[in-house]
Amino acid sequence: MRRGAGIGLLALGIILVLAGTAVAVAMGPDDRLTTGPHDVRTDGRAVVTKPAVLARYGPQVSVLVEVPDEKPVFVGLGHTVDVEDYVSSTARVEVTRYRVPWSLERRDATGEPQLRAAPTALDWWLAQSSGIGGAQLRFTLPDDAVSLAVLAVGDFDLRGLRVTASYEVPGAFGVGVGTAATGLGVVLLALVALKWVPGVRRTAPAVDAVGFVDDEWDVPWPETDPADADTWDDFLSEDSTPPATKAGSGAAGPRAGGGRWSRWRRRKGGVTRPKAAADKQKVAR
Amino acid sequence: MSARATCRTLGAVALAAALAGCGVVPLEKTSADVSKPAADPSTVQRTYDNYEKARGAAFAALDPEVLALVETGPVLAVDSGAIDVAKRLHGNASTGQESAPAEIEDVYVPRLDAYPLWFVATARDEARGVRRIQVFERASSTERWELTASPEALLSTVLPVPETTDGVLETVAPDDADGLVSAPSQTLTAYAAVLGDPSSPRASEVAADSFVSQMRAQAAGLAQPGTTFQRTWSAQPVQYALRTKDGGALVFGTLMRQDGWVLTPGATVRWPAGSEQKAYFGDPMARSGVLRYYHQVLMYIPPTGGVGLPRVLAQYGGVIGAEDTGPIAAP
């Protein structure tokens, strides 16, 4: 039972160490898992994702889009119904599938070269950002059908578009380190349980050892040993027994009535008698 | 180590691992449905406030261009027609009156997977003693929210309660007769036929309600001596229909009415002051002409096995324009 639990703990600890380390290393101190920059080949004005691309929710995502020659660019997240209606008449690149770290499936849709309206004039973006030469958008993926749109502004296009995507988990690095630390603790606990750590291995109390130690914390009180059937009266009645007679009977073990006297006599500092019962309880506590 | 202590330790470790995993792993979305609620509450309120403000300003200044910022389709045509009539009767420098704003009572928002987006709001207009049942529409992602239908019912009229599921309005497709005595499009067409001809073979499909009676009585009064009066009705395609809690449907429909007068040679007609006939045909009217009207109606279609026939519960209409047909017979 103990061995089984120990091995289980050891396995769990190793898993935690590996997982925590992996998270901490992958996310880094900035709590980001980044891919890119990647080139997205297009000479049009719109690149949009289909809803299947952003099929998960929860994490915070950061998208950095860059275009050369100081061209203005817009990046926005909107509900798929809105985004698809907006770009429906415009020639565009549709990203139909995305796999980590960076594998895109795309489809070129035909249409007018221009957008129907300036993206910055629309009120339904869930998140948006624009800039000259680049724009960065940070958002939390909602539990709804959403599409990401990278759009040219004005008379410019998206030629030379580069995209960097980051998956952000605030505190992930700390969580990773914490998990790894927890795993280490579990591993240590498992090693102790399995007695694979010699330094902390527990040994049976050597009650009959010749070199009886003085430290009362390390060796249980003989009187508290439940196996000891002797009573206090037995102890008192042994007072008159000559010590020399009992000294050689160590092999008889604790149940040999005279063995206890010899132990008390050998204690350092001249302690030859057990303290009163109340004192012993206090110490034991 | 005892079994109990081992279990405690394992539990603590599992809890630590679970907490460590929170927020790290992205979750699969709960639904692949791409639809969205047509509007959120803030959008509804903002849209309605803008509408009330613009409509008040437009009627106060008799400026249809302001109205065009917040209305579209038949309702814009009707309101612009009313402003046009007022200007024709009272001059271009005339001003209207500030209308008292109505208050939203209920809002019903469907989930839609494509534009146009729309929602329904009922608003109580205490000053006029009516309840407006209004449809606001956003035709595309690049356009504003605009009022597109606004039939009105008396405050005493009991309207069927629209059906909602998890707060989302249940809609009915225009040609969907499932659970209804007839499909919305079919019903509206039958209603237009009955309005135009009391002896129509489709008269058994819809009720001869108060709107039918009112229109027939009005038509009788417009047949002036020395003229040949002809009225026709036609139904516009149904765009909005919603399910009611009793399994029926409420249908927003638009009917076009054309009133044509062909004057006999030498005849003239005098119209009452303030009438649209006087505004468009002059006083006296000496040439043949046609007036066109839109009537937006809210029809109730009972469920299969329900009580009664499809009937109109609310309407809003008015003249939208005129045509001088001269000596040519009106349609």
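## Strand pairing between the chains

Strand S3 (residues 56–57) of chain A and S1(B) run antiparallel and are joined by 2 bridges; two strands pair if DSSP finds at least two bridges between them. Within S1(B), Glu28(B) is the bridge partner of Arg56(A). Strands (E, at least two residues) and helices (H or I, at least four) are DSSP runs, numbered from the N terminus.

This is a predicted model, in which local features need pLDDT of at least 70 and side-chain atom pairs count only at pLDDT 80 or more, while totals for chains, interfaces and linings use all residues. Residues are numbered from 1 along each chain as its sequence is written, and chains are lettered from A and ligands numbered from 1 in the order in which they are written.

## Contact between chains A and B

Chain A gives 35 residues to the contact and chain B gives 25, where two residues are in contact if their C-beta atoms, placed from the backbone, lie within 7 Å. On the side of chain B that touches chain A, the elements giving two or more residues are helix H1 (3–21) and strand S1 (27–28) of chain B. H1(B) supplies the largest share, 7 residues.

That side of chain B comprises 12 nonpolar, 8 polar and 5 charged residues. Ala, Val, Leu, Ile, Met, Phe, Trp, Tyr, Cys and Pro count as nonpolar, Asp, Glu, Lys and Arg as charged, and the others, Gly among them, as polar.

## Strand S11 of chain A

S11(A) pairs in the antiparallel sense with strand S1 (residues 32–39) of chain A over 6 bridges, and His38(A) has Val163(A) as its bridge partner in S11(A). Strand S4 (residues 60–66) of chain A also pairs with S11(A) in the antiparallel sense, over 7 bridges; here Leu64(A) stands opposite Thr164(A).
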